[in-house]
Amino acid sequence: MGARRRRLVGVPVRRAAHADPRRAQRRRARHPGVRAPPLLAGAAQPRRAAGRRLHARHPDPPGGVIQRDRHGEPTGLLVAKPNAWILYATLAKGPRLGLDEQRNSTRHFMRELNRLGITGAIDAGGGFQQYPEHYQIIEELAAARQLTVRVAYNLFTQRPGQELDDFRQWSQAVSPGRGDDYYRLNGAGEMLVYSAADFEDFLEPRPDLPPQMEAQLEAVVEHLVAHRWPFRLHATYDESITRMLDVFEAVNKKVPFAGLRWFFDHAETVSAKNIDRIAALGGGIAIQHRMAYQGEHFLHRYGPEATSDAPPVRRMLAAGIPVGGGTDATRVASYNPWVGLGWLVSGRSVGGTELLGPGARLSREQALRLYTAGNGWFSGEDGQRGLVAEGCLGDLAVLSDDYFAVPEAEIRNLTSVLTVVGGDVVHGSGDFGGLAPPPLPFSPDWAPPAQYGGYDPGVVARALRHRAHHHHHHHVGLACPCAVF
């Protein structure tokens with residue numbers, strides 16, 4: 001068998017869950033099917049990076065920290081710090097799949113989303129995803145009517161210092177709304193200018209945005225408003241949001257927003273004053289479940305009072321602004337929306353730490369609305385999405401259990417047993433298994449999902465337990481049952 005080239009991407013993990021590595025090791029030894037996510041932000045072969053052997057005196061690269069053992073020797077782990085940009089840049093330099101494998105992989109990922117009951121996504125773009133070059137596969141699948149998740153996509157600038165040039169070029173070539181109910185352009189963002197990026201690693205202090213941010217952001221936003229392009233902007237901290245709103249209000253005096261759809265993403269620490277300013281400009285806020293994964297770090301840095309209302313969703317709703325729920329997948333957090341609903345209802349992180357105070361939590365109906373009908377405004381489909389009603393899109397999911405009755409801690413374990421998009425069954429399991437579409441081939445055929453029957457962690461864990469039991473008299477090397485995309 002020839003050498004296999006793999007890229008391993010870490011997932012957000014509570015450090016507290018691994019405070020005693022010996023205990024975790026014993027637990028894995030007793031229960032080989034227990035998931036053990038890799039604690040990685042980026043990795044290279046042991047003690048090697050970019051084809052060179054590292055040594056104790058090797059300096060940390062810009063944007064990263066080389067992990068070292070107690071003797072000062074590199075362990076082979078490269079941690080992105082103070083933000084994940086070096087990780088994204090490293091991933092972008094890796095080998096690309098062939099076009100056929102890209103098509104198959106994209107369809108597999110949509111099927112995995114369908115397994116969770118997801119019928120649509122609003123894509124915020126991402127670093128190193130060039131438009132239109134890297135959109136070839138998704139556009140081919142849309143043209144072939146092979147999308148099983150509706151996609152409204154935003155264009156994310158890729159050239160620091162040349163952001164305005166990107167948006168000028170795109171506004172001449174395409175227009176928001178271009179496409180159909182399955183695949184269409186939603187607007188600009190979430191990166192409008194790189195000087196406005198306040199990354200959200202709560203292990204690190206809040207970043208101060210550079211002084212040139214206002215002038216750069218104003219030029220881009222004025223262009224977008226003049227051309228009636230809806231936009232979204234990443235903003236974690238209230239200090240950043242204050243400066244950004246100063247820019248928006250200045251633009252509005254010159255070129256009125258006049259009902260143009262725009263919103264902030266994240267807004268964990270947005271103040272009541274700035275919520276009112278957002279409402280006055282007709283904006284919205286899209287929250288994500290990053291706190292379910294990073295909440296302990298936020299708690300440690302900012303304290304329980306700040307954590308108990310981060311993000312202040314109830315205040316957003318009381319102000320009457322549109323609020324939608326998302327996941328910030330796939331780099332920052334899981335694509336599983338049920339983790340988000342469980343966090344909003346229980347107020348607890350995935351590790352069980354109480355984060356949101358009782359007065360900041362949502363009812364199950366409120367949380368569900370954010371992740372369904374509430375998101376229609378953000379994709380320009382208000383009143384058409386997230387509802388089972390005449391005139392709405394024919395999408396629905398039948399869940400594995402009663403969302404309104406299961407214990408709060410079990411909400412995040414919900415899946416779909418039947419998912420329908422546009423009247424077509426795109427996922428079926430259990431009693432509905434006979435309605436499921438034909439399975440897709442796995443590529444490459446040696447990949448873990450091909451061996452364990454898919455990406456569902458529960459299926460993988462059961463397969464590993466069965467294998468361990470079947471071979472209990474033999475020495476067996478057990479792989480980590482993590483889905484790696």
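Contact here means heavy atoms within 4.5 Å. By that criterion, residues 24 or more positions apart account for 70% of the contacts in the protein with a separation of 6 or more. This is a predicted model, in which local features need pLDDT of at least 70 and side-chain atom pairs count only at pLDDT 80 or more, while totals for chains, interfaces and linings use all residues. Residues are numbered from 1 along each chain as its sequence is written, and side-chain values use heavy atoms, with hydrogens and water left out.

**Confidence**

- The pLDDT, the predictor's confidence in each residue from 0 to 100, averages 85 over the protein, and 83% of the residues score at least 70.
- Residues 17-51 have a pLDDT below 50, and this stretch has 56 contacts in the model beyond near neighbours in sequence.
- Residues 472-485 likewise stay under 50 in pLDDT, with 24 contacts in the model beyond four places in sequence.
- Where pLDDT is low, the predicted coordinates should not be read in detail.

**Overall composition**

- The protein contains 14 helices and 14 strands; helices (H or I, at least four residues) and strands (E, at least two) are DSSP runs, numbered from the N terminus.
- Of its 485 residues, 45% count as buried, where buried means under 20% relative accessible area, exposed over 50%, and partly exposed in between (1.4 Å probe, protein chains only).
- The accessible surface comes to about 24,100 Å², and 52% of it belongs to carbon and sulfur atoms; such areas come from the Shrake-Rupley method with a 1.4 Å probe, and for residues only the protein chains shown count as cover.

**The β5-β6 pair**

- Strands β5 (residues 120-123) and β6 (residues 150-155) pair in the parallel sense over four bridges; two strands pair if DSSP finds at least two bridges between them.
- D123 stands opposite Y153 in β6.
- From β5 the chain crosses through helix α4 (residues 136-143) to β6, and this β-α-β crossover is right-handed: with the strands pointing away from the viewer, the path from the first strand over the helix to the second runs clockwise.

**The β12-β13-β14 sheet**

- Three strands form an open sheet in the order β12-β13-β14, with antiparallel pairing.
- Its edge strands are β12 (396-399) and β14 (424-428), each pairing on one side only.
- Neighbouring strands of this sheet are turned by 15° against each other on average, direction ignored; axes are lines fitted to C-alpha atoms, for helices over the stretch in contact, and angles run from 0 to 180 degrees between N-to-C directions.
- Strand β13 (residues 416-421) is joined to β14 by four bridges, and V421 has D424 in β14 as its bridge partner.
- Helix α3 (residues 99-115) packs on the sheet and touches β13 and β14, its direction making about 80° with that of β14.

**Buried and exposed positions**

- In helix α2 (residues 85-92), I86, L87, Y88 and A89 are buried, and their cover includes β3 (64-68) and β4 (74-80).
- G189, in the loop between β7 (183-188) and α6 (213-226), counts as buried because its relative accessibility is 0%.
- Leaving aside neighbours within four places in sequence, G189 is in contact with A124, N154, L155, F156 and R232.
- G189 and L233 are 44 residues apart in sequence and 5.8 Å apart C-alpha to C-alpha.
- V388, in the loop between α12 (364-371) and β12, is exposed, with a relative accessible area of 75%.
- The C-alpha atoms of V388 and A373, 15 residues apart along the chain, are separated by 9.8 Å.
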